[in-house]
Each structure stands twice: as C-alpha cells, then as structure tokens.
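Please have the sequence and the coordinates at hand while reading.

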Amino acid sequence: MMSSELLSFGWLQQLLVVLLKLTLSFAIPTNGTECTVKGPASYILVFTGHWSPQTFPKQYPLFRPPAQWSKLMAITHNKQHRLFQEGALASIGVQNFAEVGVTVDLVKGAKDARKRRVVGAMYRTAGIATGIGHSSTELLLQPRSPLLSLMVKVIPSPDWFVGVDSLNLCEGGKWKQEVTLDLQPFDAGTDSGFTFSSPNYPTVPQENITRITSQMPKHPANSFYYPRLTELPPIASIRLTRQRRSSSRQTPMSNHILPHPIHPQRFSETPLDCEVSLWSSWGLCLGPCSSGGVRHRTRYILLWPANAGAPCPEMEEQTECTAHNCLKPQ
C-alpha cells in the first residue's frame, strides 16, 4: 500500500513539473526579444541637427521663424508600446507635437502607459534655436523597458519630424555600448502642406505616417524634393553612449544644449537647380508688321540655383512678326 502511494505521489509530482514548464513557455515569449540582462544601463543621448543651407538649400527658412529644432521627447518602453510607427496613423499626441510642438498629450499618454507598466520613463531636452546644433540628456534603461523611441519636430514645417521607433538597446543578453543613427524626416499625415512655411491645411481623412525622401512626395513645390538625389543627406543624427558609473556615486546629469560639436560632421553640398515658370503668352507686335516687327514673351524664376546647381535659362524671348500675327485693317 505504501509503495503504491509513493508511486502515485511521484507521478503527480512529475505531472506538476510538466504543467509548470508548459505554463512558463506560454507566459514568457521565447523569440529572443526579451532583455535577459541583469541590472539597468545608463546612456548619454546626443541629438545633432545637420540642417543647413548647404545640405538643404531649397526654401531654407531664414526668418519668421528660422530653421530650428523643437525639444526632444524620448521614452523607454517595451514591445507592447509604440510612440509612433511608420505606416500607421499618428496619435493625437504625435499630431499635436508634429504640428505645433505641444507635448501635453504625449506626456499624458506616456504617464498612462507607465501605469500599465509598458513605459519605463520619459525624457526631454531643450530645443535648438538653429538648424545645426546639439542637445543631450542622460537615460536610464531597465531590462523590462529596453526600447527607446524619440521625436523632434522640424521647425518650421506643417507636420514634419525626425524620430526613432523602438530602438532595442539590449540584444544577446547584454546592453549595447554605442549606437549611432542618421535621421530622415517623417510626415505625420495630419497636414497637407508642401513647404516649410505652408499655412495650416488639415489632411482629411488623416493619412498614415510616411518617410519623406528626395523623390516623395513627388511634387516640385515640396521643400525636400531633390530629383537629382537618390536619397536625402541626414538632416539629423543621434548617438547613444553607455556610461560606466559607480552605483555608490551617481550624480544626475541635467538636460542641456552642447555649445560646440563633439565630432564635427561635414556633408557634401546639395546642388539646387534653377526652376522657372512657364512662358507667358506672346505679346503684341512692336514695329511694322511687314518687316522689322518683333514680339516678346517672358518667364520668371521660381527657385534660384545654389551649390553649383544648373543655372537659370533666359527669362525673355523674342521673334519676328509674321502676317498672321498682325491685326487686319478694318
């Protein structure tokens, strides 16, 4: 009797172990995306703007307002949350930030997500008053929220921003030591303006977030349309560097703007070709109609060339008058 009870108990024990393993296999994903490292990691995040008249000469904003960057908004999170996603609709927080730089809804969304334990923390830096400049802050990433997303608004613009979506800083069971990324502009899909200084023109219905390229949107009026380029030069970049800091002596680092470039970066100048209007209609004949009379037509410059781009053609043209161009006597 005792041996059968022991056998029964042993069988039940094995069954419980199997059930526990099955439960854990369903509860914990095994696709390698979870961060298994022990302990947090501290990073210095440096944002650098490369927006200059040399790299982006077309309609470069010089005043009211001049080219500049908004404050940087960054969050650490897990894979259950997205700040923004290319190909998806922008949230109200992303829309308000991309259009007018207001952060209230972004902050509210991050706080609500933090209560659900899908966001770790939110960080921000001050804005940059010029197109070229640096700002930085310190980040603390936890294993439960190893992803980083961030946004910076392009000022002025209808709804354009640069950003990073769900950058994983924990791979292979360890924290990355350094990451550098070049950034390209995004269109939030909520305003249909084509130029940096376009007036407010809501997109109805709202469109998905898309990446702006040298070819798209394919419209000559677009401020980023450079048909001679296969791709746009980086308009901004970020660098993340892991800090080795003693746990017994941690001095918090405040957000600040770096006065001088850490590693100066130089990009080749972007050639900007001259753009002209269509010809006007021919004017009336000047002089005698039979011989020596001429008529004129003109066009005007839409966009002056820059950085060794194609020069402008002639703005005025004339031709001799012919009989069918003359008014017949009544």
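Does Cys 285 count as buried or partly exposed? At 22% relative accessibility, Cys 285 counts as partly exposed, since buried means under 20% relative accessible area, exposed over 50% and partly exposed in between, with a 1.4 Å probe and protein chains only.

## Basis

This is a predicted model, in which local features need pLDDT of at least 70 and side-chain atom pairs count only at pLDDT 80 or more, while totals for chains, interfaces and linings use all residues. Residues are numbered from 1 along each chain as its sequence is written, and side-chain values use heavy atoms, with hydrogens and water left out.

## Disulfides

With a disulfide taken as a pair of cysteine sulfur atoms within 2.5 Å, the count comes to 3 disulfides. Cys 285 is joined to Cys 321 with the sulfur atoms 2.2 Å apart, and this link is left-handed, at -125 degrees about the S-S bond; Cys 321 counts as buried at 10% relative accessibility.

In the disulfide of Cys 35 and Cys 170 the sulfur atoms lie 2.1 Å apart, and the torsion about the S-S bond is about 85 degrees, so the link is right-handed. Both Cys 35 and Cys 170 are buried.

## Aromatic pairs

The structure holds 11 aromatic pairs, where rings of Phe, Tyr and Trp (its six-membered ring) pair if their centres lie within 6.5 Å, and planes under 30 degrees apart count as stacked, over 60 as edge-to-face and the rest as tilted. One of the pairs is Phe 56 with Phe 224, which is edge-to-face because the centres are 5.8 Å apart and the planes stand at 90 degrees; both residues are buried.
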